[in-house]
Amino acid sequence: MPKTKRATHQAFEGYSERGQFTKICRDMMQSKAWQVLNLRQQGLYLLLKSKYTQKVTHGIIEKTNRDNISFPKSEWTEYYGDYRTFSHDMELLVNLGFIRIVERGKCTRTPNIYGFTTGWKEYPNVKNRPDG
């Protein structure tokens, strides 16, 4: 029996048929919390989400970097002119429950480590819980 061919990307979705992609669900995009974000802040979330990786074996997630996302200065300066705007946008993503700060790097002069959370589902009653 021949193997079924996996669905590939359309030409307008990327350079290659099997390129990497960043997943975002419609229910998140239609949520009240997402509507609070402007396009720049939505783009920042997508940049953070593009750093997310997972290893799936037989439909089971074995390994993920969900709580190990960093965005060092060398990267955010490509998109932001100053730190205040970047910091404000990250703070809003935290306050709305899209991401959480796992580790602050200020004392060690390293980038903050962020993690994804489901707090956005509870907007406007978001509680920044460590369990996300």
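**Salt bridges, a loop asparagine and the nonpolar core**

Glutamate 75 has a relative accessibility of 26% and therefore counts as partly exposed; the classes are buried (under 20% relative accessible area), exposed (over 50%) and partly exposed in between, with a 1.4 Å probe and protein chains only. The model is predicted, so that local features need pLDDT of at least 70 and side-chain atom pairs count only at pLDDT 80 or more, while totals for chains, interfaces and linings use all residues. Residues are numbered from 1 along each chain as its sequence is written, and side-chain values use heavy atoms, with hydrogens and water left out.

Five salt bridges are present in the structure, a salt bridge being a side-chain nitrogen of Lys or Arg within 4 Å of a carboxyl oxygen of Asp or Glu. One of them joins the side chains of lysine 51 and glutamate 75, with an N to O distance of 2.6 Å. This pair links distant parts of the chain, 24 residues apart: lysine 51 is in the loop between helix H3 (39-49) and strand S1 (54-57), and glutamate 75 is in helix H4 (residues 73-76). Helices (H or I, at least four residues) and strands (E, at least two) are DSSP runs, numbered from the N terminus. Lysine 51 is partly exposed, at 24% relative accessibility.

The loop between S2 and S3 contains asparagine 65, which is buried at 18% relative accessibility. The side chain of asparagine 65 reaches the backbone oxygen of lysine 51 at 2.9 Å. With residues up to four places away in sequence not counted, asparagine 65 touches Lys51, Tyr52 and Thr53, where contact means heavy atoms within 4.5 Å.

A further salt bridge pairs arginine 100 with aspartate 67 at 3.3 Å, N to O. Here too distant parts of the chain are linked, 33 residues apart, with arginine 100 in strand S4 (residues 99-103) and aspartate 67 in the loop between strand S2 (60-64) and strand S3 (69-70). Arginine 100 is buried at 17% relative accessibility, whereas aspartate 67, at 35%, is partly exposed.

The largest nonpolar core comprises 22 residues, and those with the most contacts inside it are Tyr45, Leu48, Met90, Leu93, Phe98 and Ile99. At least two residues of this core come from each of helix H2 (32-36), H3, helix H5 (83-95) and strand S5 (113-116); H5 gives the most, with five residues. Such a core is a set of buried Ala, Val, Leu, Ile, Met, Phe, Trp, Tyr and Cys residues joined through side-chain atoms within 4.5 Å. Leucine 48 is in contact with Ile69, Phe71, Met90, Leu93, Ile99 and Phe116, its neighbours within four places in sequence left aside.

Note on methods. A polar contact is a pair of N or O atoms within 3.5 Å; within protein, one must be able to donate a hydrogen and the other to accept it, and residues adjacent in sequence count only if both atoms are side-chain atoms.
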